[in-house]
Amino acid sequence: VRLKEVWKQEYDAWSQRDLSEKHYVYIWVDGIHFNVRLEDDRLCTLVMIGVRPDGTKELIAVEDGYRESTESWASLLRGLKRRGMRAPVVA
């Protein structure tokens, strides 16, 4: 339980970090579906990976979504924009 709380605090800090100084040349996005169903709704994990101009890959976002819906992706992108992320050259 203690380790889970530490991980949650680290994830919360990471998922709210400032992205205004980051520049990504291109990004990949995908939804990962797991066969575990904890509720009636089908959840998936939305993942975004970016590549910086020097070629370094960086995990930008990992969030729960609902069936890769338009609203789930829009919510993730709005959050990244609020944190200062600029649009990549290619997505």
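Hi everyone, a word on the ground rules. What we have is a predicted model, where local features need pLDDT of at least 70, side-chain atom pairs count only at pLDDT 80 or more, and totals for chains, interfaces and linings use all residues. Residues are numbered from 1 along each chain as its sequence is written, and side-chain values use heavy atoms, with hydrogens and water left out.

Let's start with the sheet. Helices (H or I, at least four residues) and strands (E, at least two) are DSSP runs, numbered from the N terminus. Two strands count as paired if DSSP finds at least two bridges between them.

Now the pairings. E1 is joined to strand E2, residues 43-51, by eight bridges, and Gly 31 has Leu 46 as its bridge partner in E2. Nine bridges link E2 and E3, with Val 51 partnered by Lys 57 in E3. Those two strands form a hairpin with five residues between them, and in the turn Gly 55 has a positive phi of about 95°.

On to the helix. Contact here means heavy atoms within 4.5 Å.

Which residues of H2 are buried? They are Ser 72, Trp 73, Leu 76, Gly 79 and Leu 80, where buried means under 20% relative accessible area, exposed over 50%, and partly exposed in between (1.4 Å probe, protein chains only). They cover an arc of only 125° around the axis, which puts them on the same side of H2; that arc is taken from the directions from the helix axis to the C-beta atoms. Thr 70, Lys 81 and Arg 82 are exposed on the other side.

Finally, a closer look at Ser 72, which counts as buried at 14% relative accessibility. Not counting residues up to four places away in sequence, Ser 72 touches Leu 46, Gly 65 and Tyr 66. Thanks, happy to chat!
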